[in-house]
Amino acid sequence: MRSIWLYQSRDAVNILNSPNVGCFLSHYFKPRSSQRCSENIGLRIVSNQSFRRINASNLIRRRHISPAVDHLSPGQSDLRVKVFIISDLHTDYPENMAWIQGLSTVAYKRDVLIVAGDVAEKFENFILTMTALKERFMYVFFVPGNHDVWCRRKHEAYGDSVQKLSALLETCNALGVATEPKMINGVGIIPLFSWYHESFDKEIDITGFKIPSLKMACKDFHACKWPSTLSTSSLSLSRYFNELNYKHFDTIQEIKETSSQVITFSHFLPRQELCPEKRMLFYPNLPKVIGSDFLEVWVRKIHGLNGNQSACHVFGHTHFGWDCVLDGIRYIQAPLAYPRERKRRMNGGEDWLPFCIYDSENGGLYNELLPSYWSDYYRTQKRDPRNIELAPWVARFYKRIKSH
Ligand SMILES: [Fe+2]
Ligand SMILES: [Fe+2]
(Lines give C-alpha, C1' and ligand atoms only; values in the text may rest on other atoms or scores of the structure.)
(Ligands and ions follow the chains in the order given, each with its own letter.)
Protein backbone atom coordinates (compact mmCIF):
# COMPACT_ATOMS: atom_id res chain seq x y z
CA MET A 1 0.00 0.00 0.00
CA ARG A 2 2.72 2.44 0.85
CA SER A 3 4.11 2.26 -2.64
CA ILE A 4 0.76 2.83 -4.30
CA TRP A 5 1.94 5.56 -6.57
CA LEU A 6 5.38 4.25 -7.24
CA TYR A 7 3.94 2.07 -9.98
CA GLN A 8 3.32 5.24 -11.90
CA SER A 9 6.83 6.53 -11.70
CA ARG A 10 9.85 4.80 -13.18
CA ASP A 11 12.01 7.33 -11.37
CA ALA A 12 10.59 6.27 -8.07
CA VAL A 13 11.31 2.65 -8.80
CA ASN A 14 14.86 3.50 -9.84
CA ILE A 15 15.40 5.49 -6.69
CA LEU A 16 14.02 2.77 -4.48
CA ASN A 17 16.24 0.29 -6.25
CA SER A 18 19.32 2.29 -5.42
CA PRO A 19 21.34 0.58 -2.71
CA ASN A 20 21.42 3.61 -0.41
CA VAL A 21 17.68 4.05 -0.20
CA GLY A 22 17.05 0.33 -0.14
CA CYS A 23 19.49 0.03 2.72
CA PHE A 24 17.96 2.91 4.60
CA LEU A 25 14.46 1.61 4.21
CA SER A 26 15.25 -1.94 5.09
CA HIS A 27 13.92 -3.21 8.38
CA TYR A 28 16.21 -5.52 10.24
CA PHE A 29 14.31 -8.26 11.90
CA LYS A 30 15.92 -11.00 13.91
CA PRO A 31 13.98 -14.14 13.15
CA ARG A 32 12.69 -15.37 16.50
CA SER A 33 12.81 -18.96 15.47
CA SER A 34 12.54 -20.97 12.34
CA GLN A 35 8.76 -20.88 12.29
CA ARG A 36 8.48 -21.68 8.65
CA CYS A 37 9.11 -25.30 7.78
CA SER A 38 11.25 -26.04 4.80
CA GLU A 39 9.04 -28.86 3.65
CA ASN A 40 6.92 -27.84 0.77
CA ILE A 41 3.63 -29.62 0.69
CA GLY A 42 1.53 -27.55 -1.67
CA LEU A 43 -2.23 -27.73 -1.88
CA ARG A 44 -3.78 -29.46 -4.85
CA ILE A 45 -3.74 -27.01 -7.69
CA VAL A 46 -6.78 -27.02 -9.91
CA SER A 47 -7.44 -24.92 -12.96
CA ASN A 48 -9.27 -21.65 -12.45
CA GLN A 49 -12.25 -23.04 -14.26
CA SER A 50 -12.60 -26.14 -12.13
CA PHE A 51 -11.89 -24.08 -9.05
CA ARG A 52 -14.81 -21.81 -9.82
CA ARG A 53 -16.95 -24.90 -10.24
CA ILE A 54 -15.85 -26.24 -6.85
CA ASN A 55 -16.44 -22.86 -5.28
CA ALA A 56 -19.89 -22.41 -6.71
CA SER A 57 -21.17 -25.90 -6.05
CA ASN A 58 -19.67 -26.64 -2.65
CA LEU A 59 -18.10 -23.81 -0.75
CA ILE A 60 -20.69 -21.09 -0.89
CA ARG A 61 -23.64 -23.31 -0.08
CA ARG A 62 -21.98 -25.21 2.76
CA ARG A 63 -22.45 -22.74 5.58
CA HIS A 64 -20.19 -23.25 8.54
CA ILE A 65 -21.86 -22.00 11.70
CA SER A 66 -19.28 -21.08 14.32
CA PRO A 67 -20.21 -20.59 17.96
CA ALA A 68 -18.84 -17.47 19.66
CA VAL A 69 -17.01 -19.66 22.17
CA ASP A 70 -14.98 -22.47 20.69
CA HIS A 71 -12.65 -25.16 21.93
CA LEU A 72 -10.10 -27.44 20.37
CA SER A 73 -11.69 -30.38 18.59
CA PRO A 74 -12.61 -33.57 20.52
CA GLY A 75 -9.66 -35.80 21.25
CA GLN A 76 -7.30 -32.84 21.69
CA SER A 77 -7.12 -32.25 25.39
CA ASP A 78 -4.30 -29.78 24.92
CA LEU A 79 -5.55 -26.36 25.98
CA ARG A 80 -2.45 -24.63 24.71
CA VAL A 81 -3.21 -21.64 22.50
CA LYS A 82 -0.64 -20.20 20.11
CA VAL A 83 -1.62 -17.17 18.07
CA PHE A 84 0.28 -16.23 14.90
CA ILE A 85 -0.20 -12.98 13.00
CA ILE A 86 0.32 -11.82 9.43
CA SER A 87 -1.11 -9.19 7.09
CA ASP A 88 -0.93 -8.07 3.46
CA LEU A 89 -0.52 -11.48 1.86
CA HIS A 90 -1.17 -10.13 -1.67
CA THR A 91 -1.31 -13.60 -3.18
CA ASP A 92 -2.14 -12.25 -6.64
CA TYR A 93 1.66 -12.28 -6.80
CA PRO A 94 2.63 -15.89 -7.61
CA GLU A 95 5.66 -15.58 -5.28
CA ASN A 96 3.36 -14.76 -2.38
CA MET A 97 0.96 -17.59 -3.23
CA ALA A 98 3.95 -19.96 -3.37
CA TRP A 99 5.07 -18.69 0.05
CA ILE A 100 1.66 -19.52 1.53
CA GLN A 101 1.65 -22.95 -0.09
CA GLY A 102 5.15 -23.52 1.28
CA LEU A 103 4.00 -23.11 4.89
CA SER A 104 4.14 -26.31 6.87
CA THR A 105 1.01 -28.45 6.83
CA VAL A 106 2.04 -29.94 10.19
CA ALA A 107 3.60 -27.25 12.40
CA TYR A 108 0.50 -25.10 13.01
CA LYS A 109 -2.22 -27.74 13.19
CA ARG A 110 -3.42 -26.66 16.65
CA ASP A 111 -2.77 -22.96 16.25
CA VAL A 112 -4.59 -19.73 15.53
CA LEU A 113 -3.73 -17.40 12.64
CA ILE A 114 -4.83 -13.77 12.43
CA VAL A 115 -4.86 -12.39 8.86
CA ALA A 116 -5.13 -8.59 9.01
CA GLY A 117 -6.41 -7.98 5.46
CA ASP A 118 -5.21 -7.57 1.86
CA VAL A 119 -5.24 -11.23 0.91
CA ALA A 120 -5.93 -10.92 -2.83
CA GLU A 121 -7.79 -8.91 -5.40
CA LYS A 122 -8.82 -11.96 -7.45
CA PHE A 123 -11.58 -13.92 -5.78
CA GLU A 124 -10.16 -17.27 -6.84
CA ASN A 125 -6.83 -16.35 -5.24
CA PHE A 126 -8.63 -15.30 -2.07
CA ILE A 127 -10.31 -18.71 -1.88
CA LEU A 128 -7.09 -20.59 -2.70
CA THR A 129 -5.22 -18.67 -0.01
CA MET A 130 -7.81 -19.08 2.70
CA THR A 131 -8.24 -22.76 1.86
CA ALA A 132 -4.48 -23.27 2.14
CA LEU A 133 -4.35 -21.43 5.47
CA LYS A 134 -7.33 -23.30 6.86
CA GLU A 135 -5.60 -26.57 5.95
CA ARG A 136 -2.59 -25.49 7.97
CA PHE A 137 -4.09 -23.73 11.01
CA MET A 138 -6.90 -24.87 13.25
CA TYR A 139 -8.38 -21.37 13.41
CA VAL A 140 -8.02 -18.59 10.87
CA PHE A 141 -9.36 -15.08 11.53
CA PHE A 142 -9.70 -12.42 8.84
CA VAL A 143 -10.75 -8.80 8.29
CA PRO A 144 -10.94 -7.39 4.76
CA GLY A 145 -8.42 -4.88 3.48
CA ASN A 146 -8.76 -2.44 0.60
CA HIS A 147 -7.31 -4.81 -2.03
CA ASP A 148 -9.80 -7.50 -1.09
CA VAL A 149 -12.71 -5.34 -2.25
CA TRP A 150 -11.21 -4.07 -5.50
CA CYS A 151 -13.61 -4.60 -8.41
CA ARG A 152 -11.59 -4.19 -11.57
CA ARG A 153 -12.53 -7.37 -13.40
CA LYS A 154 -15.55 -7.07 -15.66
CA HIS A 155 -16.69 -10.71 -15.67
CA GLU A 156 -17.10 -11.00 -11.90
CA ALA A 157 -20.52 -11.57 -10.38
CA TYR A 158 -20.65 -8.77 -7.84
CA GLY A 159 -21.74 -5.31 -8.91
CA ASP A 160 -19.72 -3.27 -6.43
CA SER A 161 -17.30 -3.47 -3.52
CA VAL A 162 -20.09 -3.86 -0.94
CA GLN A 163 -21.36 -6.91 -2.82
CA LYS A 164 -17.83 -8.25 -3.06
CA LEU A 165 -17.42 -7.75 0.68
CA SER A 166 -20.57 -9.84 1.31
CA ALA A 167 -19.28 -12.54 -1.04
CA LEU A 168 -15.94 -12.59 0.81
CA LEU A 169 -17.61 -12.93 4.18
CA GLU A 170 -19.88 -15.71 2.92
CA THR A 171 -16.90 -17.53 1.49
CA CYS A 172 -15.04 -17.21 4.80
CA ASN A 173 -18.06 -18.62 6.57
CA ALA A 174 -18.17 -21.56 4.16
CA LEU A 175 -14.46 -22.22 4.63
CA GLY A 176 -14.63 -21.95 8.42
CA VAL A 177 -12.59 -18.73 8.49
CA ALA A 178 -13.79 -16.50 11.34
CA THR A 179 -14.67 -12.87 10.61
CA GLU A 180 -16.37 -12.27 13.93
CA PRO A 181 -15.15 -12.19 17.55
CA LYS A 182 -14.51 -15.53 19.12
CA MET A 183 -12.90 -17.02 22.21
CA ILE A 184 -10.41 -19.87 21.90
CA ASN A 185 -9.70 -21.50 25.24
CA GLY A 186 -9.79 -18.23 27.14
CA VAL A 187 -8.12 -16.13 24.46
CA GLY A 188 -10.44 -13.60 22.82
CA ILE A 189 -9.78 -12.66 19.21
CA ILE A 190 -11.71 -9.63 17.96
CA PRO A 191 -11.69 -8.57 14.29
CA LEU A 192 -12.53 -4.88 13.79
CA PHE A 193 -13.82 -3.78 10.40
CA SER A 194 -12.67 -0.40 9.15
CA TRP A 195 -12.00 1.91 6.22
CA TYR A 196 -9.77 4.96 6.18
CA HIS A 197 -10.89 8.58 6.13
CA GLU A 198 -8.92 11.67 5.21
CA SER A 199 -9.54 13.45 8.52
CA PHE A 200 -7.57 10.70 10.29
CA ASP A 201 -4.55 12.75 9.26
CA LYS A 202 -4.13 15.44 11.92
CA GLU A 203 -0.60 16.49 11.07
CA ILE A 204 0.59 19.51 9.13
CA ASP A 205 0.83 18.99 5.36
CA ILE A 206 4.03 19.14 3.34
CA THR A 207 3.73 21.90 0.73
CA GLY A 208 5.92 23.41 -1.97
CA PHE A 209 6.46 20.14 -3.82
CA LYS A 210 4.57 18.54 -6.65
CA ILE A 211 2.82 15.88 -4.60
CA PRO A 212 0.23 13.89 -6.58
CA SER A 213 -3.40 14.08 -5.49
CA LEU A 214 -4.94 11.22 -3.51
CA LYS A 215 -6.94 10.20 -6.57
CA MET A 216 -3.78 9.93 -8.63
CA ALA A 217 -1.79 8.22 -5.93
CA CYS A 218 -4.20 5.75 -4.42
CA LYS A 219 -5.56 3.00 -6.66
CA ASP A 220 -8.54 2.42 -4.34
CA PHE A 221 -10.18 5.52 -5.78
CA HIS A 222 -10.46 3.73 -9.13
CA ALA A 223 -10.39 0.07 -8.19
CA CYS A 224 -13.19 0.13 -5.61
CA LYS A 225 -16.79 0.71 -6.69
CA TRP A 226 -19.11 1.98 -3.99
CA PRO A 227 -22.86 2.53 -4.03
CA SER A 228 -23.78 6.22 -4.39
CA THR A 229 -24.42 6.56 -0.62
CA LEU A 230 -20.79 5.74 0.21
CA SER A 231 -17.76 7.78 -0.70
CA THR A 232 -14.06 7.89 0.06
CA SER A 233 -14.19 11.69 0.15
CA SER A 234 -16.47 11.76 3.21
CA LEU A 235 -16.76 9.85 6.49
CA SER A 236 -19.53 7.67 5.06
CA LEU A 237 -17.31 4.70 4.15
CA SER A 238 -15.49 4.66 7.48
CA ARG A 239 -18.84 4.88 9.25
CA TYR A 240 -20.25 2.06 7.15
CA PHE A 241 -17.39 -0.28 8.05
CA ASN A 242 -17.43 0.83 11.67
CA GLU A 243 -21.15 0.05 11.97
CA LEU A 244 -20.44 -3.57 11.01
CA ASN A 245 -18.63 -3.98 14.34
CA TYR A 246 -21.74 -3.14 16.39
CA LYS A 247 -23.36 -6.37 15.22
CA HIS A 248 -21.00 -8.14 17.62
CA PHE A 249 -21.23 -5.70 20.51
CA ASP A 250 -22.61 -8.28 22.99
CA THR A 251 -20.02 -10.90 22.03
CA ILE A 252 -17.25 -8.33 22.41
CA GLN A 253 -18.56 -7.45 25.88
CA GLU A 254 -18.66 -11.13 26.83
CA ILE A 255 -15.13 -11.68 25.59
CA LYS A 256 -13.91 -8.60 27.48
CA GLU A 257 -15.38 -9.90 30.70
CA THR A 258 -14.28 -13.51 30.45
CA SER A 259 -11.02 -13.69 28.47
CA SER A 260 -7.59 -13.97 30.03
CA GLN A 261 -6.11 -12.37 26.90
CA VAL A 262 -7.72 -10.23 24.20
CA ILE A 263 -6.18 -9.56 20.80
CA THR A 264 -7.96 -7.08 18.53
CA PHE A 265 -7.05 -6.63 14.89
CA SER A 266 -7.87 -4.45 11.88
CA HIS A 267 -6.46 -3.84 8.43
CA PHE A 268 -6.17 -0.07 8.81
CA LEU A 269 -4.32 1.96 11.45
CA PRO A 270 -5.95 3.15 14.66
CA ARG A 271 -3.34 5.87 15.27
CA GLN A 272 -1.26 8.13 13.08
CA GLU A 273 1.84 7.52 15.20
CA LEU A 274 1.94 4.04 13.65
CA CYS A 275 3.15 5.60 10.39
CA PRO A 276 6.38 7.58 9.89
CA GLU A 277 6.14 11.39 9.77
CA LYS A 278 5.11 12.84 6.40
CA ARG A 279 8.54 14.25 5.66
CA MET A 280 9.95 10.72 5.72
CA LEU A 281 7.51 9.38 3.13
CA PHE A 282 7.88 9.33 -0.64
CA TYR A 283 4.18 10.03 -0.70
CA PRO A 284 3.75 12.51 2.19
CA ASN A 285 -0.06 12.42 1.97
CA LEU A 286 -0.10 8.71 2.78
CA PRO A 287 -1.63 9.30 6.26
CA LYS A 288 -4.84 10.46 4.55
CA VAL A 289 -5.52 6.96 3.23
CA ILE A 290 -4.39 4.63 6.00
CA GLY A 291 -6.41 4.93 9.16
CA SER A 292 -9.66 5.41 11.00
CA ASP A 293 -10.36 7.24 14.25
CA PHE A 294 -13.24 4.85 14.90
CA LEU A 295 -10.71 2.07 15.35
CA GLU A 296 -8.87 3.69 18.24
CA VAL A 297 -12.22 4.23 19.99
CA TRP A 298 -12.91 0.47 19.74
CA VAL A 299 -9.39 -0.43 20.75
CA ARG A 300 -9.61 1.72 23.92
CA LYS A 301 -13.17 0.51 24.64
CA ILE A 302 -11.96 -3.08 24.53
CA HIS A 303 -8.50 -2.84 26.11
CA GLY A 304 -9.24 0.03 28.49
CA LEU A 305 -8.40 3.73 28.21
CA ASN A 306 -4.96 3.17 29.68
CA GLY A 307 -4.48 -0.28 28.22
CA ASN A 308 -2.99 -3.08 30.27
CA GLN A 309 -0.08 -5.52 30.29
CA SER A 310 -1.69 -7.87 27.79
CA ALA A 311 -3.44 -5.33 25.56
CA CYS A 312 -2.55 -5.97 21.93
CA HIS A 313 -3.80 -4.67 18.60
CA VAL A 314 -2.64 -6.09 15.25
CA PHE A 315 -2.91 -4.05 12.04
CA GLY A 316 -1.68 -4.02 8.43
CA HIS A 317 -1.91 -1.90 5.27
CA THR A 318 1.24 0.27 5.26
CA HIS A 319 3.61 -2.70 4.82
CA PHE A 320 5.95 -1.29 7.46
CA GLY A 321 6.85 -3.87 10.06
CA TRP A 322 5.96 -2.22 13.35
CA ASP A 323 5.93 -3.04 17.05
CA CYS A 324 5.45 -0.45 19.76
CA VAL A 325 3.50 0.38 22.90
CA LEU A 326 1.41 3.56 22.93
CA ASP A 327 -0.47 4.58 26.07
CA GLY A 328 -0.44 1.04 27.46
CA ILE A 329 -1.44 -0.83 24.28
CA ARG A 330 0.86 -2.88 22.07
CA TYR A 331 0.42 -2.19 18.33
CA ILE A 332 2.03 -4.58 15.90
CA GLN A 333 2.19 -5.08 12.14
CA ALA A 334 3.65 -8.22 10.51
CA PRO A 335 3.20 -7.81 6.74
CA LEU A 336 4.21 -10.27 4.05
CA ALA A 337 4.01 -7.32 1.61
CA TYR A 338 4.96 -7.28 -2.08
CA PRO A 339 7.83 -9.47 -3.34
CA ARG A 340 9.92 -6.42 -4.29
CA GLU A 341 9.42 -4.95 -0.78
CA ARG A 342 10.46 -8.24 0.77
CA LYS A 343 13.56 -8.39 -1.37
CA ARG A 344 14.63 -5.04 0.02
CA ARG A 345 13.49 -6.19 3.47
CA MET A 346 11.18 -3.19 3.73
CA ASN A 347 8.87 -5.48 5.72
CA GLY A 348 11.76 -7.14 7.52
CA GLY A 349 11.95 -10.06 5.09
CA GLU A 350 9.89 -13.23 5.36
CA ASP A 351 11.83 -15.54 7.69
CA TRP A 352 10.00 -14.37 10.78
CA LEU A 353 6.49 -14.82 9.39
CA PRO A 354 3.90 -15.75 10.44
CA PHE A 355 4.86 -14.22 13.76
CA CYS A 356 3.84 -15.92 17.02
CA ILE A 357 2.49 -13.14 19.22
CA TYR A 358 0.96 -15.32 21.94
CA ASP A 359 1.69 -18.71 23.45
CA SER A 360 -0.27 -19.71 26.55
CA GLU A 361 2.49 -22.10 27.60
CA ASN A 362 5.36 -19.74 27.02
CA GLY A 363 4.58 -16.60 29.00
CA GLY A 364 1.45 -15.53 27.11
CA LEU A 365 1.93 -12.43 25.00
CA TYR A 366 5.41 -12.37 23.48
CA ASN A 367 6.74 -9.42 25.41
CA GLU A 368 9.92 -8.61 23.55
CA LEU A 369 9.30 -5.88 20.99
CA LEU A 370 10.19 -6.96 17.47
CA PRO A 371 13.08 -5.03 16.02
CA SER A 372 11.69 -3.16 13.01
CA TYR A 373 13.14 -0.11 11.34
CA TRP A 374 10.59 2.63 11.94
CA SER A 375 9.23 1.62 15.34
CA ASP A 376 12.84 1.25 16.52
CA TYR A 377 13.58 4.71 15.14
CA TYR A 378 10.69 6.26 17.06
CA ARG A 379 11.74 4.50 20.23
CA THR A 380 14.73 6.83 20.39
CA GLN A 381 13.63 9.81 18.24
CA LYS A 382 10.77 12.04 19.23
CA ARG A 383 8.10 12.33 16.57
CA ASP A 384 7.92 15.92 15.40
CA PRO A 385 5.22 16.40 12.77
CA ARG A 386 5.74 20.18 12.86
CA ASN A 387 9.06 19.63 11.16
CA ILE A 388 8.17 19.62 7.47
CA GLU A 389 11.68 19.65 6.07
CA LEU A 390 11.84 16.67 3.74
CA ALA A 391 14.12 13.82 4.74
CA PRO A 392 17.14 13.76 2.39
CA TRP A 393 15.99 10.73 0.38
CA VAL A 394 12.53 12.28 -0.13
CA ALA A 395 14.02 15.67 -1.07
CA ARG A 396 16.26 13.97 -3.65
CA PHE A 397 13.26 12.14 -5.01
CA TYR A 398 11.19 15.32 -5.55
CA LYS A 399 14.18 17.18 -6.96
CA ARG A 400 14.62 14.43 -9.48
CA ILE A 401 10.92 14.51 -10.44
CA LYS A 402 11.11 18.29 -10.86
CA SER A 403 14.07 18.02 -13.18
CA HIS A 404 12.16 15.69 -15.55
FE1 LIG B 1 -1.35 -4.33 1.52
FE1 LIG C 1 -4.15 -2.28 2.42
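Helices here are DSSP runs of H or I that span at least four residues, and they are numbered from the N terminus; with that in place, I can say that I100 lies in helix α4, which covers residues 94-101. Before I go further, please keep in mind that this is a predicted model.

Let me stay with I100 for a moment. The cut-off for a buried residue is 20 or more other C-beta atoms within 10 Å, and I100 counts as buried because it has 23 C-beta neighbours inside 10 Å. Once the neighbours within four places in sequence are left aside, the residues in contact with I100 are L89, T91, T129, A132 and L133.

Two packed helices are described by the angle between their axes and the distance between the axes. For α4 and α5, the axes come within 9 Å and cross at roughly 20 degrees. Angles under 35 degrees count as roughly parallel, and therefore α4 is roughly parallel to α5. The crossing in which α4 passes α5 is left-handed. On the α4 side the residues that meet the partner helix are M97, I100 and Q101, and on the α5 side they are N125, L128, T129, A132 and L133. Sorted by class, this contact has 5 nonpolar and 3 polar residues, and no charged ones.

I turn now to the sheet. Strands of a sheet pair through backbone hydrogen bonds, either parallel or antiparallel. In this model there is an open sheet of 5 strands, in the order β4-β3-β2-β11-β12, and its pairing is mixed. β4, residues 139-142, and β12 stand at the edges, each with a single partner strand, so one side of each is left without a neighbour in the sheet.

Which residue of β11 is the bridge partner of V83? That partner is Y358, and the two strands concerned, β2 at residues 82-86 and β11, run antiparallel and are joined by 4 bridges. On to the next pair in the order: β11 and β12, the latter at residues 364-365, pair in the antiparallel sense over 2 bridges, and D359 has G364 in β12 as its bridge partner. The hairpin formed by β11 and β12 has 4 residues between the strands, and within it G363 takes a positive phi near 85 degrees.

Finally, some backbone details in the loops. A cis peptide bond joins L353 and P354, with omega about -10 degrees, and P354 sits in the loop between α12, residues 339-343, and β11, residues 355-359.

Two residues other than glycine also have a positive phi, namely D118, near 60 degrees, and N185, near 45 degrees. D118 is placed in the loop between β3 (112-115) and α5 (123-136), while N185 is found in the loop between β5 (182-184) and β6 (187-191). Are these residues buried or exposed? D118 is buried, because 25 other C-beta atoms lie within 10 Å, whereas N185, with 16 C-beta neighbours inside 10 Å, counts as partly exposed.

Technical notes
Residues are numbered from 1 along each chain as its sequence is written. Chains are lettered from A and ligands numbered from 1 in the order in which they are written. This is a predicted model: local features need pLDDT of at least 70, side-chain atom pairs count only at pLDDT 80 or more; totals for chains, interfaces and linings use all residues. A residue is buried if 20 or more other C-beta atoms lie within 10 Å of its own, exposed if 12 or fewer, and partly exposed in between; C-beta atoms are placed from the backbone. Two residues are in contact if their C-beta atoms, placed from the backbone, lie within 7 Å. Axes are lines fitted to C-alpha atoms, for helices over the stretch in contact, and angles run from 0 to 180 degrees between N-to-C directions. Angles under 35 degrees count as roughly parallel, over 145 as roughly antiparallel, 65 to 115 as roughly perpendicular and the rest as oblique. A crossing is left-handed if the near helix is turned anticlockwise from the far one by less than a right angle, and right-handed if clockwise. Ala, Val, Leu, Ile, Met, Phe, Trp, Tyr, Cys and Pro count as nonpolar, Asp, Glu, Lys and Arg as charged, and the others, Gly among them, as polar. Two strands pair if DSSP finds at least two bridges between them.
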